[in-house]
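Q: I would like a close look at a single part of this model, followed by an account of how the rest of the chain is put together. Please treat the matter in one connected answer.

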Amino acid sequence: MQNTVIIAASLAVAALLMWPRLARAKLWMATVTPLASIIGSGFLVLGPILAESYGAWTPLAMALLCALSYAIGMAVRFNITAIDRHGHDLRSARLETVASWLLSLAYVISVAYYLNLLGAFAVSLTPWDTELAARWVTTAVFLVILGVGWIKGFAALEHLEQISVGLKLAIIAGLLVGLAWFFSDQSLSGALVVSAPTLTGWPALSLLFGLLVTVQGFETSRYLGDDYDAATRVRSMKLAQWISTAIYMVYVVLVAYVFLPEQIETSETAIIDMMELVAPILPLMLVIAALAAQFSAAVADTSGAGGLVEELTRRRVPVKIGYAVLVALGLLITWALDVFQIISWASKAFAAYYTVQGMIAVVLAQREGKSRSLVTAFAAVTLIAAVVTLFGTAVE
């Protein structure tokens, strides 16, 4: 019965997302890109990490993480509208160049993050569930992406993003229904768990900084100017952050109080073992969601990074060479670091990018004569992003 309800919920959400009136709505189409980035990989790893580290305080940790990303998004949204109205001045243009280079670096690390998770989930339900096998799967997918990008480009794969978002949201809906069922059963039987956090103080805060990449992705609205006006891009970013925050908060509340500490592992695929306790159908559904979401996200970021490098070097480095450099660096990261180290470094790279975006917001707000309180708010966002860059740590 539980499996049937989970599948029905997933099919209902899939049908809603395929409804032509929604699927073709301009705002929804603009929202798909940032939402795909925010809700992708983070959903697969956040639950176990937060529940193991913060225990009963998990919802507060998640709320702080979402609040941080929304505050940074406020600065990025201001930049979208200010640049649309009056363009860059000399200072902001120079900062934008720095930000673009940092974003290229962040893309390189995030692609490694996506594909290492893909590799781990690809082997998770097989007899070859080892770190070595996962890394070889990751390596093979890197080479496939390089081959497609080098020979044909990614235009043929771009439509996968909307399909993967729909699939992912449908499976997440089924997962939340399954968790709600399990939570209700545990509550009625008096078996809810209130665990003490294993981290407190500065270590708890620095770990949260190191998880910033799991709620990152909203900034992609900033780069949709060829397809959408500034107002639509701002609304799409807000909507993507609201939807993802709602999903994340419901998810962590349902996860934080139903598992004993010994049932929570610190591994990239821990969510699979945890969900097997909830409903037999969920592990397979999660693997399907992971494979689709991680591949499409990696394709999108590879394409974005290659295009950025070509633009920043004024076409002296062709986009195909950009793809090759990204794949080479990604393979180096894959074989040198584990997934949690990659998550931390990706968070640092995006935080560095957000630091510069905050600086741009300060410059543009001063140029436009905005209130001192707004300039101070942007300066605070810049400072916080800098602290995240310097002090974010990886899961041990």
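In which helix does S344 lie?

A: The model is a predicted one, and S344 lies in helix 14, which covers residues 339-367. The relative accessible area of S344 is 5%; since the limit for a buried residue is under 20%, S344 is therefore classed as buried. Beyond its neighbours within four places in sequence, S344 is in contact with G210, G392, T393 and A394.

The setting of this residue is a helical chain: there are 15 helices and zero strands. Of its 396 residues, 54% count as buried. The radius of gyration is 21 Å, in agreement with the value near 21 Å that a compact globule of 396 residues would have. Along the principal axes, the C-alpha atoms fill a box of roughly 65 × 50 × 45 Å.

Side chains of opposite charge can pair when their charged atoms come close. A search of the whole structure finds five salt bridges. One of them joins the side chains of R85 and E368, with an N to O distance of 2.6 Å. R85 belongs to helix 5 (residues 58-86), whereas E368 is in the loop between helix 14 and helix 15 (372-391), so this pair ties together parts 283 residues apart in sequence. R85 is partly exposed, at 44% relative accessibility.

A second salt bridge pairs E96 with R222, whose closest N and O atoms are 2.7 Å apart. Here E96 is in helix 6 (residues 90-123) and R222 in the loop between helix 9 (201-210) and helix 10 (230-256), so the bridge ties together parts that are 126 residues apart in sequence. Both partners count as buried: E96 has a relative accessibility of 9%, and R222 has 12%.

Another salt bridge brings together the side chains of E310 and R315, at 3.4 Å from N to O. In this pair R315 counts as exposed, with 64% relative accessibility. Taking the charges of the chain as a whole, the mean positions of the 22 positive and 24 negative charges are 16 Å apart.

Notes:
Residues are numbered from 1 along each chain as its sequence is written. This is a predicted model: local features need pLDDT of at least 70, side-chain atom pairs count only at pLDDT 80 or more; totals for chains, interfaces and linings use all residues. Side-chain values use heavy atoms; hydrogens and water are left out. Helices (H or I, at least four residues) and strands (E, at least two) are DSSP runs, numbered from the N terminus. Buried means under 20% relative accessible area, exposed over 50%, partly exposed in between (1.4 Å probe, protein chains only). Contact means heavy atoms within 4.5 Å. The radius of gyration is taken over C-alpha atoms; the globule rule is 2.2 Å times the number of residues to the power 0.38. Lys and Arg count as positive and Asp and Glu as negative; His and the chain ends are not counted. The place of a charge is taken as NZ of Lys, CZ of Arg, CG of Asp or CD of Glu. A salt bridge is a side-chain nitrogen of Lys or Arg within 4 Å of a carboxyl oxygen of Asp or Glu.
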